[in-house]
Amino acid sequence: MPLKMFCRVLGLVLCSNALIVYFASHSIRLAVVMTLGCSLLLQLAYFGSVLFLIWWSGCASRAGQMAEHFGSCKEVGAQLPDHDEVTNESTDLRQLDQMLAMSLLLP
């Protein structure tokens, strides 16, 4: 989402929250406090979602590494894919995880 659109949506949410609280309570002080609280809650939710996505990306990376490890073990009578194919797939997975992490940092 572009930064300009994000700022518009954030402003719309905070202004509508302030107006709703003001019309419900007829108190400017309460409207300001509740709007600041809503802003803080939105920031905490955003921070938590970024941490969750980073954690999820790390779990996917570890799962790919474990699959690579178990794929390199040879079982009797089992045909395994070529080692180069496994390495390429795990490299692609790591690159995908890095691109996902970088996209979270960009607005």
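## Aromatic pairs

Two aromatic pairs are counted when rings of Phe, Tyr and Trp (its six-membered ring) pair if their centres lie within 6.5 Å. One of them is formed by phenylalanine 52 and tryptophan 55, at 5.8 Å centre to centre and with 40 degrees between the planes, and it is tilted. Planes under 30 degrees apart count as stacked, over 60 as edge-to-face and the rest as tilted.

Phenylalanine 52 and tryptophan 55 lie three residues apart in helix H2 (residues 28-72), and are therefore separated by about one helical turn. An α-helix has 3.6 residues a turn, so residues three or four places apart point the same way.

The model is predicted: local features need pLDDT of at least 70, side-chain atom pairs count only at pLDDT 80 or more, and totals for chains, interfaces and linings use all residues. Residues are numbered from 1 along each chain as its sequence is written, and side-chain values use heavy atoms, with hydrogens and water left out.

## Exposure of individual residues

Buried means under 20% relative accessible area, exposed over 50%, and partly exposed in between (1.4 Å probe, protein chains only).

| Residue | Relative accessible area | Class |
|---|---|---|
| Phenylalanine 52 | 47% | partly exposed |
| Tryptophan 55 | 51% | exposed |
| Histidine 26 | 60% | exposed |

Helices (H or I, at least four residues) and strands (E, at least two) are DSSP runs, numbered from the N terminus. Helix H1 (residues 3-25) comprises 23 residues and spans 33 Å from its first C-alpha to its last, close to the 33 Å expected at 1.5 Å a residue. That expected span is 1.5 Å times one less than the number of residues. The buried residues of H1 are Leu14, Asn17 and Val21.

## The protein as a whole

The secondary structure consists of three helices and zero strands, in the pattern α-α-α along the sequence. Of the 107 residues in the protein, 12% are buried. Among contacts (heavy atoms within 4.5 Å) with a separation of 6 or more, residues 24 or more positions apart account for 54%. The accessible surface, from the Shrake-Rupley method with a 1.4 Å probe, comes to about 8,800 Å², and 71% of this surface belongs to carbon and sulfur atoms.
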